[in-house]
Amino acid sequence: MKKRYLLVLPALALMVSCKPEISEKIDSNTYYPGKADFSSYVAIGNSLTAGYMDGTVYKSGQSNSFPAILAGQFKVVGGGEFTQPSFADDVNDVGGLLFNGVGNPSFKTKMIINMSTGGPENIKGESTIEVFKQQKTAYHNAGVPGAKTFHVVAPGYGSMAGLAVGKANPYFVRTATSENATVLGDALSLEPTFFTNWIGANDVLSYATSGGEGVDQNEVGGLDPSKYGGNDITHVGVFQKVYGDITNALTANGAKGVLATVPDVTAIPFFTTVPYNPLTPELIGVENIDKLNGLIGMFKVILSSQGQGDRFQLISKEAANPLLIQDKTLADMSPVLEYGITQAVASGQFPIELTPAQIKMIAMSFGQARHATAKDLMLLTSKSQIGASLPVSTGSPVMDALLKKGVSFPIGDEFVLNTVEQQKVKTATVAFNTIIKQVAASKDLAVADMNDLLNKAVAGLRVEDGQIYTADYFKGMGNLNTVMFSLDGVHLNQRGYAFIAAEILRVINKHYEASIPLVNPAVYPGPVLLPTN
Amino acid sequence: MVKKFISLSLITLLSYSAYAGGYRVAMQGNKQLAMGHTGVAVVNGAESVFFNPAATVYLKDKWSFSAGVNVLIADTKFQNKTYGWENETRNVGTPIYAYGAYKATDWLSIGLAVYSPYGSAVDWDKDWQGAHLVNNIDLKAFYFQPTVAIKVSERFSFGGGPIFVNGGVTFNRNVSRSMADEQGNKTDVTIEAKNVTAWGWSAGYLFNFDDHLRVGMNYRSKIIMKETAGTAKFHDVPAFGQGLFKDGTITAEMPLPAELSVGVSYEWNKWLFAFDYNRTFWKIYDALVIDFVDSPLGTSVNPRNYKDSSTYRLGAQYTVNDQLSLRAGWYYDESPVQDGYFAPETPRNDSRAYTGGLTYKFKNGLGVDVVFSYLHFSDTNNSYDYFNEDGQNVSFGGTYRSAVTSGGIGVSYSF
């Protein structure tokens, strides 16, 4: 035997080393589309479909809209090309909108957490997203932020001319293929074989997010949506008609799809984050409490003559105290208060000297005021109100120092969803969701019950890898890796949209007997945190 | 608070299963490896300095030397059907050994062993699905072991000596599943410990019943590698996290577990048969604790919860003639990793090994030892369930399948 042969042996040994094979290896049979065809997938909806988060649409966020995430998974089972409205002009990735080069306070830049102040803020910087630069292209992601159900079929919703008169939506103006195009028409031009439709939330939630500053069209029999205000609740009859029309159009050529329900306000951090009773004695200032209670006690006495003394309660020095809020559903007690306070000032019982104008102002402010209860939902936007000074001076420096919003001066009704408003929201939400499920059943379409999903997430929903996702607002380091709502408190963040996509995939796999791999929300980004802004 | 943040259930650090269970690499002699890595009751050259120093007094020659290297290729495939994840990693390791024994007198033998019983590397694709547990790890530990053996009689001898270890590790993982810098690059940390040294000891005895049957035992003590000046270096840290993910010193401990071997060998004509049983006391590796001294991250505790494990080894040698010996072996190796603690830096389960080799002795007395081994693993569905994210333990797992193939060459010489 020659030496060199010996040396070759180990090398030979390594050459025969073979890679291991998993016996049930993922192969072409592992994943399949089942009864669905994903070659042309179109997503109908509103901001939740558009990839809106942190108060706007921005480039990196939109790249992980739930339809985009879904389309990525559909690719495994024959999914085709999936396009989204171009946000290439969002060069700084800050969102917002420009109208012919001019910014607009309704379309601010994205929200971020400023670590130096701790709070969510709109990121500094100018938007570069121009509404007037029309793309005139139908996109597979047909979600339009702000769209209500009837907007999807409204001609001119993407009309530049309509923008000036408030009849068009700037996001749809950017993409609409013509002045008279409809969201649905543009979507249908892509000949969808599969669709998701998550429309309807704005039909009720814009009322809720405005703190109930709108009309419930069900109460006034409003059947003409062109006459609706932006914060109105859509009439159930209108919803039913339009929702059915949209579904008929989408399924006309045999397309399959998923209909998603409208989440309830009680599962959205915008309504559940600010407690009704955040006022600890320390926060109020223990030294102020006796003085404030003197005032409150006087109001209670005055109102008890009308049987309304229990609108207020004395401030506790031990326990957390409820916020003082305005409630427009209450009977206006301002004349009673004005009379009572005038009497008290005249008799010297009132701790401060007040002019008649000041008395009137206070009486007006407290005429429909009460302390909040656990049943009131304080909006996320109320947070910045709490403890704030009054925007205008009462004329009395003593009063000015005493009057703090939420503590000694009612927070406006538009920052609270009271029980009457909540009931309207609930009734409409239930009605819309019932319609959505009925339509789905009649067309044998799958239902993604987002309402049920997010309601379960209030307590925490455990996913495949054991992580528990909750419907909470960003709490800091405690849920940095798991928070799924964006900083606007209404919309999901990229992680949350992945959570939504995973649920829709589960629904598709079940309903259409498909096998599509899920996505794991954990790897998707959460809120943007910056050291300074 | 901050310590819990980012669920820095940092790692897994040093643990890696290269070859045998845990991070033990059983390749300490190409003759004995060819016999299933038996050897505690075998008198077969300088490799005894490692397998059982007591055996060295029964070597025929005054001087015995043996040295060699293995090239091992470790493949692991991973998949998770729920998410459609697929990944694989191939890593090459080159454990070495060098032994010398000198029979000072008829009853006293001294020896020196240099070997690398723990180590190897695994390198997954950066930012792969399990990147929060490990992106890559490279672990090495070299043992330097002088020995003394005393022959009490022709029947019985004992021996042993101190062990000096020099080891190091480089380890990289992502700090969490979602943390990324402003450009979207996932934040990761490299932990490095270099030239960590520690002491241990080894002792054994050999009993010869007759000219055929030997029984031996050898024990190597546990050795705790204590790093007090390791470094942590963070990459792709978002601006807000600069104060949190601060580069600096780390301290950590990692155990190299004790190993007890008992064995028996039987020589008959041209045949030599050997059976060894190894018990490795992995239970000592209950958690990996890393203290980020210079960072608010604080201390990271990573449960490992290893169990003691056994290995059963069989080997045979047939001496064809003065030049050629042929060998074959088999062993069964239990993994010390328990269900739910199956992390991708130790991606292997129980294995069966098949070994074979030969020695060809040239006219000048130089022997060339050639060995080949193959480790067979079954599919395993397992997971690591103790990665803490926002206070919740989350699981990472799927189906793993591994194979390890190695070829080695060595030389032995005695006179």
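This is a predicted model: local features need pLDDT of at least 70, side-chain atom pairs count only at pLDDT 80 or more; totals for chains, interfaces and linings use all residues.
A salt bridge here is a side-chain nitrogen of Lys or Arg within 4 Å of a carboxyl oxygen of Asp or Glu. Helices (H or I, at least four residues) and strands (E, at least two) are DSSP runs, numbered from the N terminus.

Over all chains, the whole structure holds 37 salt bridges. Side chains of opposite charge can pair when their charged atoms come close.

Residues are numbered from 1 along each chain as its sequence is written, and chains are lettered from A and ligands numbered from 1 in the order in which they are written. Local features need pLDDT of at least 70, side-chain atom pairs count only at pLDDT 80 or more, and totals for chains, interfaces and linings use all residues, while side-chain values use heavy atoms, with hydrogens and water left out.

## Around A:Asp449

A:Asp449 lies in the loop between β13 (446-448) and α18 (450-459) of chain A. Its side chain makes a polar contact of 2.8 Å with the side chain of A:Thr261. Another polar contact, of 3.2 Å, joins the side chains of A:Asp449 and A:Lys437. A polar contact is a pair of N or O atoms within 3.5 Å; within protein, one must be able to donate a hydrogen and the other to accept it, and residues adjacent in sequence count only if both atoms are side-chain atoms.

## Where chains A and B meet

In contact (heavy atoms within 4.5 Å) are 46 residues of chain A and 48 residues of chain B. The two chains bury about 4,100 Å² between them, 61% of it on carbon and sulfur atoms. A:Pro20, A:Ile22 and A:Asn481 lose the most area in chain A, together 16% of what that side buries. Buried area is the accessible area (1.4 Å probe) that two parts lose on being put together, summed over both.

Four salt bridges are counted between chain A and chain B. B:Lys81 forms a salt bridge with A:Glu24, with the closest N and O atoms 3.8 Å apart. On the side of chain A that touches chain B, α1 (3-15), β15 (468-469) and β16 (529-530) each supply at least two residues. α1(A) gives the most, with seven residues. By class, that side has 27 nonpolar, ten polar and nine charged residues. Ala, Val, Leu, Ile, Met, Phe, Trp, Tyr, Cys and Pro count as nonpolar, Asp, Glu, Lys and Arg as charged, and the others, Gly among them, as polar.

## Cavities and a pocket

On a 1 Å grid over the protein atoms alone, a cavity is a set of points where a 1.4 Å probe fits but cannot get out, and a pocket is an open set with protein on both sides within 12 Å along at least five of seven lines; lining residues have an atom within 4 Å of a point. Grid points are joined across faces, edges and corners, and a volume is the space filled by probe spheres set on the points.

There are nine cavities of 30 Å³ or more. The largest cavity has a volume of about 200 Å³. Its lining has 20 residues, with A:Pro85, A:Asn141, A:Gly143, A:Val144 and A:Thr175 nearest its centre. The second largest pocket has a volume of about 990 Å³. Its lining divides into ten nonpolar, 16 polar and 13 charged residues.
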